[in-house]
Every structure is written in C-alpha cells, then in structure tokens.
Amino acid sequence: LCRGGLAERLCRLQNRQRSAISFWRHQCISDAKIPSDKSGVLIVKILEIFEECTIQVAICQQLEQSPAPLSPEDAAINAEEPILKVLFTRETAAHLKSRPQDVIHIYPPWQKLLLRNADVPVIMNTYFSQKVLLSEHSEAREKTYGLTKMLIRKNIISLAETFRLDDPDDELHQLSSDHSVACAPQIHNNCDSKWHPSALSALNDSLLEIVESQGAVGWREAQVRVVIQRVYCLTARQGYRSHLQGNKSFCATPIMNTESPNVRLCLLVQDAYGMFSEVQLQFLSSTDDIEQHWKRREGKFCCLSGMKILQRTTRGRALGLFSLIDSLWPPVMPVKVPGQNQDSELITTNLPPPSFCYILTVPSGEVHVEVDEEEQISNLYRPPTVRGLKEILQVDGSNERCSFWAQVLYLRLQTKHSVPINQREILLFVTDSTLQNVVHMIPKVVAVSVTASCVLSVELMEALSVASRLVFFKDALWGNGRIICVERTVLLLQKPLLCSAAGADLSELTGPVRLDELDSTTQANSVCALRGTVVGVNESTAFSWPTCDRCGNGKLELCPQDRESLYCKPCSEVVITPVLKMQLEVFLSCPSRPQSTVKVKVCHEISFRLFVLLTILLFLQSYEVQSVLGKEVGLLNCYVHSVSSHPNCVALEEIVLL
C-alpha cells in the first residue's frame, strides 16, 4: 500500500474497528450479562432472516424496552411498533447465531438509513450487538438449537443484475427458499444435475461472483464451473503435517528418505472470465496418485462447491504461482468480459493477466470426487508447450515457465553442509537431440536444479537410481541462465498425451551421449569430458579399499576358514572377486587449458581406463609415482567442482553416467 494513501488509512481504520469490537465482546463475559448503560440502545425482535451478498438481513420489530420477564414466544407483536431491516455482517451474524423471535440489543454507534421509495428503514453499523436470553426457557431452547444448523434463505444476486447489464443470451438464476440446503464440500468433474438437485439454479461460471455472493467462510448452495489447467502437488505447510502421518509416497527432498513430509493435491483452475484459483485438496497416500489425478482431471471441466477461501494472494506475494499463471495467459479461447455483451468476435489478446488469485481449500471432511471418464477436453485448456532444450537456452527472459522432454544422464545431491539434508537441492544433468547435434556455443549437457520445494515421487527417484531415463519436465522455471524445478513443477516418467510441440525436434537419442570437453568456457557445477597427461599425484590423500561385488559393502573381513580370502557379513558369503575402490587425486596437463592446473579426484569408483598399474600398486601399498607420470588419460567423464583464476586451477571429480 502507498504510504499515507487512502488504502493504508482504510486498512488501519479497519484494524482499529476489529480491535474495538473484540474488546467490547470480551467485556461481555456471557450472554446473560448486559451492559447497564441503555442510552441509545436499539432493541429489536427478529421476525425473519435471509442472506444477500454475504450480508445477513433481519426483518425486525422495534421494541420500546426489553421484555425481560417474558420469553420470546410470549412477547406479543404490536402492529403499531415500527418494522426495521437490520443488516449484520457475516462475522457479527456468526457471533450472534440469531433465529426468528430472538431479541437483540444494538449499541451505538448504529445508523439508520432512510431509502427513497421504501417504507422500511435500514439499520447499519451493527457491530456492537448482543443477543438477550430472557428466561430459563430461552436458555434451554438456545442449547437445543445450538446442536442443529439453521438453514437460512440466501438470495444470490448476479453482478450483471446489480449493475443492470442486460444480456439476452444469459439467463440470471436466483436461488429460492426451496433450495436452502446445507451442502457438503464437494468437487465434481461433471456438472450434471443428477448429483445436485440445485445445480441448475446455483451453477455459476464466475469465481469472483461466487466470492461476492458466498463470502470467504464457505460456499454452501452455489457451485462454480471451471476448467482444470494444471494438476500438481505442494508440500504440506507445517500446520497441516499433523493431520496425516506415515505418507512415504513422495519426497519433498530430492533424495529418498523414510520420513517424507506430506504432500497435498492441488488444482489450478480457470473460469469463463479468465480468473484463476488454486484449489488445495486432500493429501495423497499412494505413489500413483499424482499421475492418476493428472490423467483424469487436467483439461477437464469440473464444478466446485463447499470451498473456503484460504487466502487472497497477489503477484508480489506469490511469484511462483503467477509465473505459472502467466504461462497460461492469454487464454486460448475468447473469455467473457464482465459488464460487456459477449459477441463471437471478442478479442482477448490485449487483456492484462490477473493481478490476484484466490487460494481455495476444503473446510473439513473428505472431498467427494466424481469423475466422468468420457468428458471431452475443454477448449479453454492450454496444454504445456514442449520445446527443445536448445530453443529454451536461447530464450531471453527471466522466470519463464518451460516444458521439455530430456534424458537424465547424471544426478548429484548438493553438499552444502550448512543446509539440512532434507532441504538440499539436487542437480539433474540432462540432454536431448537438439543439444547433441549442436556444434559449438551451446552446451551438449545442461544442469537442471531441483529445489526442495519441488515434489518428486519415489517411483521417479528409484527409476533414476537404476539407469538413465527419459523424463518429462512440466512447467520448470527458466531464467538467468538456469533451469530450476520449483513448486508446481511436475516431473513425469511418461510423456503427456496432450502437449503442443511447437515445431521442436523431440526425437529420442540414438547414438552415444557426448559431453563438452574441458576448455576455457567450462563453468563450475557442470559436467565435461577430459583428456590430458598425468603430471603429478597427491600421495597424502591416496588410499584404496576392497568392496563386495554383490552388495557393495566396504567393510570386508578375513574369512575365518581361509585367511587369504575376504568375507562379507551382510551376504554371509566369501567374496571371490572383490571390487577395488579408491580415492586418489592426480594432476593433469590438458591442451584445452594449458595455463591451468587441472586436479581430478577419483573417488569410490575405480577407473580402469585411468591407470590399471597404479590401482594394483595402491592396493599392494608399494607403488612408485614415477611409473605413472607422463601417462596419457583418455576421455573421462567429470563433474566440475570449481574453476578459479587466482590461482588458475580447475577441480574435477570423475563420475559414472547413468
């Protein structure tokens, strides 16, 4: 808000008003305690209650004084006493829990509004109101009614009707008293009235109109018809994690662990006017939930009811959400414009993207989901535009969503010891045919950073731990020379059926994968191929150890029966052909970087291509460094730890590609 502006002053005024109301209610310890000061108090008796535009309207009869000795049923109605229309806000109505025949004391500063051409005055500013319990009979009646939910007639007034926007093509529906039912929280993928008798009378296509008419507490009768643009998962907030324990299907961290936090299914929906909302649904409990929901829901129409507004967020507060919304804008089909007649030639390309979005959730209970498998894909659905990595790297911009299909060659957990292990990110090194076919200027392999907020399924992580896989990256973030998987990014092992290729070359790799050779353009946290000549060995850090060729156990023991053999306890067997692992640092002279000191660390995995002789001598603890100096090293796949200019040094680690 602008400092000193009208909006900031209004916000402060509203905060003071809420504080004053809360303090006044706190002073009234119980309903039976009525403030002694009766000056200016308006005493009314409720005759009828209904709701309109989130305001509770009570038709009341003004009383001269509170009929203390009588019960509400015994207080006779005097036709000479004036009739008033009293307005209560949703919060005040929830506090009073009024019913017909209740007596209400309204304390100053209430206001009376006299409308032109209307005989009934309107009472406003009724924040300081208190219901009066007149007798023991009333208290018993109050306790009995407190167990049941009162059905209040709700008049749904269309905004078009409010502003007198006559459109012969649109029929205005108004919910009558016959449809005053309490609906359970539901979300349907088919808006057929067979599930809801009141669907035809309460169905709407505007999220804003539903919010205006239903308010933030919860939608009861009305439904809104929207199209599901995206299906994804978000990690549960700290307050939600106590609701469900033991969910091990997804990990919010890039590594697999046994204490995976819970994830919640979310839908990004759009109405006929182009307005977006994020709907947070139930927690997931099985590994195929996300793909199942994505297949059955994305691109389909659904009807929302029983929703509660969790938050109204703006572009400045939720950059990640609005970067996804911007990728879906402008709409693929003309959308309705509030206040205008809808003609077929309406152009929506110049409409500004939404500046705010409502976060919706389910107040309580299970979400009932009805799916129509035969429903057609909506014309408003915008599928992800799949592009080649070469095209993405050439896009000028920041924080843009992109989708691509790539081969994962290597994954690495970031080892920042100051960051907890469950908050670290991983690097996925990927490539595709568009990068493998380039000659220069563009890397053949790029790093995709997966943040801790991106939900990865255990199925995906297990597949990548075994072999290289083709992965579909949907709605990743591209900017400042990096591709990042953040919240609302989805990684899948299968390609979506609905996606637009935009002319990109999406053919699969056929030959061996090539890495860029080490040169002056190589950067840290990248992978490269290396060739050179051994010029030195760091003897102080060199060591080796044998491991089991079956389970990889590195703590082998001497066999009790045969002291010349090794024994593996986890396998309970003798290791005939142990795998030698070692850690060794060597210095190379590379023609591609003649002025740099190139240090390569061989760790955990033995490289027979490096120097078999050195490996054997290390294992026997009797090697000669001079025997390996000057040896030529072929192409090695390496991860670049650091590149420095003072001193001019490159630190690498040999890796094994998936």
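A word on the ground rules before we start. This is a predicted model, where local features need pLDDT of at least 70 and side-chain atom pairs count only at pLDDT 80 or more, while totals for chains, interfaces and linings use all residues. Residues are numbered from 1 along each chain as its sequence is written, and side-chain values use heavy atoms, with hydrogens and water left out.

Let's begin with the whole chain. Its secondary structure comes to 12 helices and 34 strands; these are DSSP runs numbered from the N terminus, helices being H or I with at least four residues and strands E with at least two. Of the 658 residues, 47% are buried. Buried means under 20% relative accessible area, exposed over 50%, and partly exposed in between, with a 1.4 Å probe and protein chains only. The accessible surface is about 34,100 Å², and carbon and sulfur atoms hold 52% of that; the areas come from the Shrake-Rupley method with a 1.4 Å probe, and for residues only the protein chains shown count as cover.

Now contacts, meaning heavy atoms within 4.5 Å. If we take those between residues at least 6 apart in sequence, 71% join residues at least 24 apart.

Let's zoom in on Q56, in strand β2, residues 55-63. Is Q56 buried or exposed? Q56 is buried, at a relative accessible area of 7%. Setting aside neighbours within four places in sequence, Q56 has contacts that include I49, F50, V86, F88 and I152.

On to the charges. Side chains of opposite charge can pair when their charged atoms come close. How many salt bridges does the structure hold? There are 13, each a side-chain nitrogen of Lys or Arg within 4 Å of a carboxyl oxygen of Asp or Glu.

One of them joins E298 and K474, with the closest N and O atoms 3.1 Å apart. E298 sits in the loop between α7 and β15 and K474 in strand β23, so this pair ties together parts 176 residues apart in sequence. Both E298 and K474 are buried.

Next, E425 and R482 meet at 3.9 Å, N to O. The E425 loop runs between β19 and β20, and R482 is in strand β24, so the parts tied together are 57 residues apart in sequence. E425 is partly exposed at 23%, and R482 is partly exposed at 40%.

Finally, K444 and D516 form a salt bridge at 4.0 Å, N to O. The two lie in loops 72 residues apart. K444 counts as buried at 10%, whereas D516 is partly exposed at 25%.
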